[in-house]
Amino acid sequence: MSSFARSITEVNHLEAPNITRLIYRNIKVNTDPGSLTILIGLPAMYLVFFGFGFASLQSSASGGSSYLSFLTPGLMGFQAVMAGTVGGGMLWADRRWGMLAQLLVGPFTRLQYLLGIMLTSVAFGLAGALVMLGIADLLLGALPVSLIGLGFLLAVIAVGSIFFGSLMLLIAAKIKSNTTYNSIQILVLFLVNFASTVFYPYSSALPAAIRVLFAINPLTYIADAVRAGYFGAYTTTVGYEVLVLCAETVAVLFLAVRAYMRSDVSTE
Amino acid sequence: MVDLVVEAEDLRHSYDGNRFALDGVSFTVRKGEVFGLLGKNGAGKSTLIKAMTTLIRPSSGTLRIFGMDPAKDGKKIRARIGVVQQGESFDFTTVEGNFDVYGVLWGIPRAERRRRREALIQKFGLEEVRRQRSFDISGGQKRRVQVAREFIHGMDILFLDEPTVGMDVIMRRTLLDSIREEVKGGLTVVFTTHNLEEADYVCDRIAVIDEGKLLVLDEVENLKRLYGGKKTIDLTIDMGSAARFIPALTQGLGPGTSVMPEGDSMVILTDDPKDSLAKILELSQKMGVQLEWISVRKNTLEDVFLRSVDHGGEPLGSA
C-alpha cells in the first residue's frame, strides 16, 4: 500500500475555513436522533401539552384569549436555553471523550474551537425556534408575526443562545464530574424556565422572591423580546430588556472565554 | 547536514510549581527517523508529547518544531503534525463516521477522504465494525480506529503516545510495519511505549526518561552495547538463598557486569559471559546455593532500559 502520511503540502485541502469545518463537525455529531428528540421534542411537548392544557383552564377563567399564542413566542425564546445546553454539552463531552485535546492538536486554535461551539449553539437555537414556529402554525393557523418581527426575534434568540451557551460553557469548563454537571444543568434549566415569562406573564401578585428571580433571569428578557417581535408590540421596556440581555451576554461570554482558556484540556 | 524536526534544550515543566514533570530535558529528533521515548509510568513521556504537540507550554527551556516556536507558531506547527493520544478520543458517531468527520476537520476533499477511509479501514481490519458506534467496540479496536484515523490527513511528523495498548499481536505488527513503511516515505515518528520489544523493532534511536530527566539517548544498537554489555545471563537460584547470594555475586563478578535481582531470579549483564559463568558456578558451589536455571542470551532493549533506569543513566563500564 502506498504511503498515507504524505507531507501536508502534497495533500489536497478543502478551501472551507476552519470555523465552517468545526461547525459541520459539531452539528454532525450532535444530530443523532436522541439529541434531536430532546432538543426539539421537549419544547414541542410543552407547546402541545401546556398549550392545550392551560388554554382550557385559561379560557374558562378569562373568556378565551389564546394561551397557545402567548406560549409560542415564549417557547421560541426557550430554544436559546436548549441551544445553550447543546453548547455546554459539546465542550463537556469533547473533554470527557478526548476530542477537545485531539482538536487542539489539530489545525485549530482554542478560540476557533470556542467560536465553533458558540455558532453551533446559535444555529441550534434558531433552527429550534423555527421548528416551534412551524408547529405553532400547524396548531394555530395564521400567525401574527411579520418578516421584520421574525428577523427581530431571531436576532434576540441568537443573542440568547450565546448567553446560555456561554453560561453552560462556564459551568462545563469548571466541572469535571458528569453527575455534578448534569445536576447543575437540570437546576439551571428549571430555574430559568419557570422563573421567567415563558409560561406565564410577570405579575406583581407573585411572591417577592420569585419576582426577583424573574427580574434577573435573562430568559425573561428573551421571552418578552421574542413575544414583542412575534406580536409586533415593541415597547420601551422591551428595548431596555434587549440592552440588559446584550450586556449580560457580553459579561457571561467574557467569563466563559476566560474559564475555558485557562481550563485543562486533558481528560485525566 | 541532518534536518532536525524537533529541537529541545533544557526543557522544564511543572504542573503544580513544586514537582518537575520535565526536568532539564535536551534532545533532537531527526527528519525521517523513528524516535522512541521509553520510561516508567509518570516518567514524563506524555508531558513531553504534550509540549511537542503544543498542548502545554513548558515552564522554561527552548523548544522548536520545524524550526518554529510552538508558543508563537502553534497553528502552523499543528497543521503539519499527527497525534495519537494516550487516551481515547472519539466523536459520538460510527467508526466510518469518525473517519469522515476527522477528514472534514482536516480539510480533506470528499473523494480523497473516501479513498483514504476505505484503504485505512481495510488495512487496519475495521471492516466488521465500520458501522458500529466507536464507543461500542472493544478496547483494541478503538485503538486501531484512533491510529488509522490519524492517517486520513497528511503530516510531516507523527506523535504516537502508546499506540499499541490493547492491540493483539498481529495488529501490533501491522501497525509497526505501517510505521516503518511511512518512515520510508519521509515521515518522522515520535513513539512512546512500555513495550520494549516493539521499541526495539521499530525505533532508530531511543531516549530513556525517568522522573522528568533524560537518562540516555542513542541508537538502539549503541545502547545495547553501552548499557547491556555483550551478553545477558538469566539466573534462577533456590528459594531463600537470594539474600546472601546476590551481594556475594555482585562483589564476586567485579567490573564490567551488573546484577539486577528480581526475587529468586536475576538478570546479569556482562561483557565476558564465559568468565561470569565460571564465577557464578564457583560461587554457588562454595556457598551451597542450588542453580535452578541459567541461560546466556543476547541482550535486549529491556536490559538497557532496566540498567539505565536503575543506574540513573550510567553506562555499564562506569558503574
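Across all chains of this predicted model, a search of the whole structure finds 17 aromatic pairs (rings of Phe, Tyr and Trp, the last by its six-membered ring, with centres within 6.5 Å; planes under 30 degrees apart are stacked, over 60 edge-to-face, the rest tilted). One of them is stacked: A:Phe194 and A:Phe199, 5.2 Å centre to centre with 20 degrees between the planes. A:Phe194 is partly exposed at 24% relative accessible area, while A:Phe199 is buried at 4% (buried is under 20%, exposed over 50%, partly exposed in between, with a 1.4 Å probe and protein chains only).

B:Arg130 and B:Glu118 form one with an N to O distance of 2.6 Å. Because B:Arg130 lies in the loop between H4 and H5 of chain B and B:Glu118 in helix H4, this bridge ties together parts twelve residues apart in sequence (helices, H or I, of at least four residues and strands, E, of at least two are DSSP runs, numbered from the N terminus). B:Arg130 is buried at 7%; B:Glu118 is partly exposed at 29%.

B:Glu96 and B:Arg131 meet in another bridge, 3.9 Å from N to O. B:Glu96 is buried at 17%, whereas B:Arg131 is exposed at 62%.

Residues are numbered from 1 along each chain as its sequence is written, and chains are lettered from A and ligands numbered from 1 in the order written. Local features need pLDDT of at least 70, side-chain atom pairs count only at pLDDT 80 or more, and totals for chains, interfaces and linings use all residues; side-chain values use heavy atoms, leaving out hydrogens and water.

Note on methods: A salt bridge is a side-chain nitrogen of Lys or Arg within 4 Å of a carboxyl oxygen of Asp or Glu.
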